[in-house]
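Visitor: I am new here and would like a quick tour.
Guide: Have a look first, then ask away.

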Amino acid sequence: MGKFTFVVVIMMALAEGLHASADLEVAWQDYLSRFPMGVQTKTEYGHRKSLFSETHARIVKHNSNAAAPFQMEHNEFSTMTEDEKKVRLGAMKPERPALVHQSSSRQLPTSIDYRTDACLSAVRNQGGCGSCWTFSATAVVEFGKCKKAGGTARDLSEQQLVDCSRVNGCSGGWEHEAWKYLSANGGQAAESSYAYTAVNGTCRFSTSTMSIGAQVSSSAYVEWVGTVDKMKTVLASGRILSIYMQLPSSFFNYKSGVFYDTTCVANYAHAMNVVGYGALNGVDYWVVRNSWGSGWGAAGYVLVKRGVDLCMIENYSRTTNIV
Ligand SMILES: *[C@@H]1O[C@H](CO)[C@@H](O)[C@H](O)[C@H]1NC(C)=O
Ligand SMILES: *[C@@H]1O[C@H](CO)[C@@H](O)[C@H](O)[C@H]1NC(C)=O
């Protein structure tokens with residue numbers, strides 16, 4: 001390489017580096033305008049900016065791959081540490097018994113999507129409490145009660161489950177234990193009677209003073225589902241599912257498309273709901289409802305590749321029965 005060529009190459013590399021850092025600065029300022037940080041110390045500001053910079057590099061790399069099955073975007077998770085992300089989860093790996101839901105041989109539709117169904121309540125936000133399991137359990141009860149008793153979508157109390165069904169409250173739990181608790185303790189209070197606080201509290205549920213929104217069957221409070229066909233059968237019968245997933249880290253910044261990433265992280269155990277299925281450009285998906293607010297992902301939902309038990313989304317699927 002001649003001296004001149006060498007200098008040109010160095011200058012080009014420098015220009016590229018400057019360009020990338022200018023891009024990062026623009027992206028960071030844009031991010032701060034959408035997710036304001038408030039007043040911070042210089043150290044805290046630097047820490048958040050460096051977390052942002054790592055996420056930004058991952059998103060740019062991912063989205064520039066034309067073959068990527070899904071797109072990523074910045075959101076509140078972009079500046080979070082691993083521990084802060086974990087607080088937004090809260091599932092524990094279930095023990096599934098051998099005896100599972102028996103599917104009927106009904107004709108299954110090619111797609112179902114309850115996102116627009118009048119019985120599906122608005123997307124919730126668990127906030128900084130590892131209570132995903134209470135939101136997942138409650139969505140199944142709310143939807144089931146509305147399908148059974150008619151009327152409009154219900155809004156039932158997740159906090160009752162955090163405080164009373166417990167297991168570990170804001171530090172994680174199981175949906176089937178929540179349903180078992182509801183079946184044995186007089187049902188689930190309306191949100192208006194027992195509002196969400198996103199912290200561990202003392203159980204103050206009372207059947208005499210609170211408005212009870214739904215009751216769960218004591219004989220069949222959990223049905224273990226576990227396979228694609230059985231999951232479709234449950235959905236076709238007018239119920240939705242609770243699922244367990246060990247999230248890949250790309251999941252936090254999901255934007256659109258059919259999510260597919262096999263680098264499942266055992267420590268990122270999250271409970272959500274499957275509320276439909278279909279196919280996009282020939283790729284089969286589940287319609288998954290998250291509890292990170294309607295600003296996350298596709299209006300609070302994510303399409304996840306179906307049929308490959310991605311990060312255990314199918315194996316531990318469960319549902320309940322409303323009386
Ligand atoms: C699926 O569930 C069964 C029963 O609990 C368990 O034995 C098996 O290991 C699970 N499979 C995966 C991939 O986790
Ligand atoms: C919530 O309470 C449970 C036990 O009841 C405890 O194990 C857990 O650490 C608590 N979590 C938080 C975040 O306070």
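**Cavity, ligands and domains**

Guide: α4 is the top contributor to the lining of the largest cavity, with 4 residues. This is a predicted model, where local features need pLDDT of at least 70, side-chain atom pairs count only at pLDDT 80 or more, and totals for chains, interfaces and linings use all residues. Residues are numbered from 1 along each chain as its sequence is written, chains are lettered from A and ligands numbered from 1 in the order in which they are written, and side-chain values use heavy atoms, leaving out hydrogens and water.

Visitor: What makes a space a cavity?
Guide: On a 1 Å grid over the protein atoms alone, a cavity is a set of points where a 1.4 Å probe fits but cannot get out. The count comes to 1 cavity of 30 Å³ or more. The largest cavity has a volume of about 60 Å³, a volume being the space filled by probe spheres set on the points.

Visitor: What makes a residue part of the lining?
Guide: A lining residue has an atom within 4 Å of a point. Among those lining the largest cavity are Val123, Cys132, Phe135, Met272 and Arg289. By class, the lining has 6 nonpolar, 4 polar and 2 charged residues. Ala, Val, Leu, Ile, Met, Phe, Trp, Tyr, Cys and Pro count as nonpolar, Asp, Glu, Lys and Arg as charged, and the others, Gly among them, as polar.

Visitor: Which residues are around ligand 1?
Guide: Arg96, Met312, Asn315 and Tyr316. A residue is near a molecule if one of its heavy atoms lies within 4 Å of it.

Visitor: What makes a pair of atoms a polar contact?
Guide: Both are N or O atoms, within 3.5 Å of each other. Taken alone, ligand 1 exposes 360 Å², and the protein buries 51% of that. Such areas come from the Shrake-Rupley method with a 1.4 Å probe.

Visitor: What surrounds ligand 2?
Guide: Arg166, Asn168, Cys170, Ser171 and Asn200. A side-chain N or O atom of Asn200 is 2.3 Å from an oxygen atom of ligand 2. For Ser171, a side-chain N or O atom is 2.8 Å from a nitrogen atom of ligand 2. On its own ligand 2 has 360 Å² of accessible area, and the protein covers 49% of it.

Visitor: Where does UniProt place "domain: Peptidase C1A papain C-terminal"?
Guide: The unreviewed UniProt entry puts it at residues 108–321. Over residues 108–321 the chain is 21% helix and 22% strand.

Terms used:
On a 1 Å grid over the protein atoms alone, a cavity is a set of points where a 1.4 Å probe fits but cannot get out, and a pocket is an open set with protein on both sides within 12 Å along at least five of seven lines; lining residues have an atom within 4 Å of a point. Helices (H or I, at least four residues) and strands (E, at least two) are DSSP runs, numbered from the N terminus. A polar contact is a pair of N or O atoms within 3.5 Å; within protein, one must be able to donate a hydrogen and the other to accept it, and residues adjacent in sequence count only if both atoms are side-chain atoms. UniProt positions are given in the numbering used here, feature names are shortened, and annotations may be inferred rather than shown by experiment.
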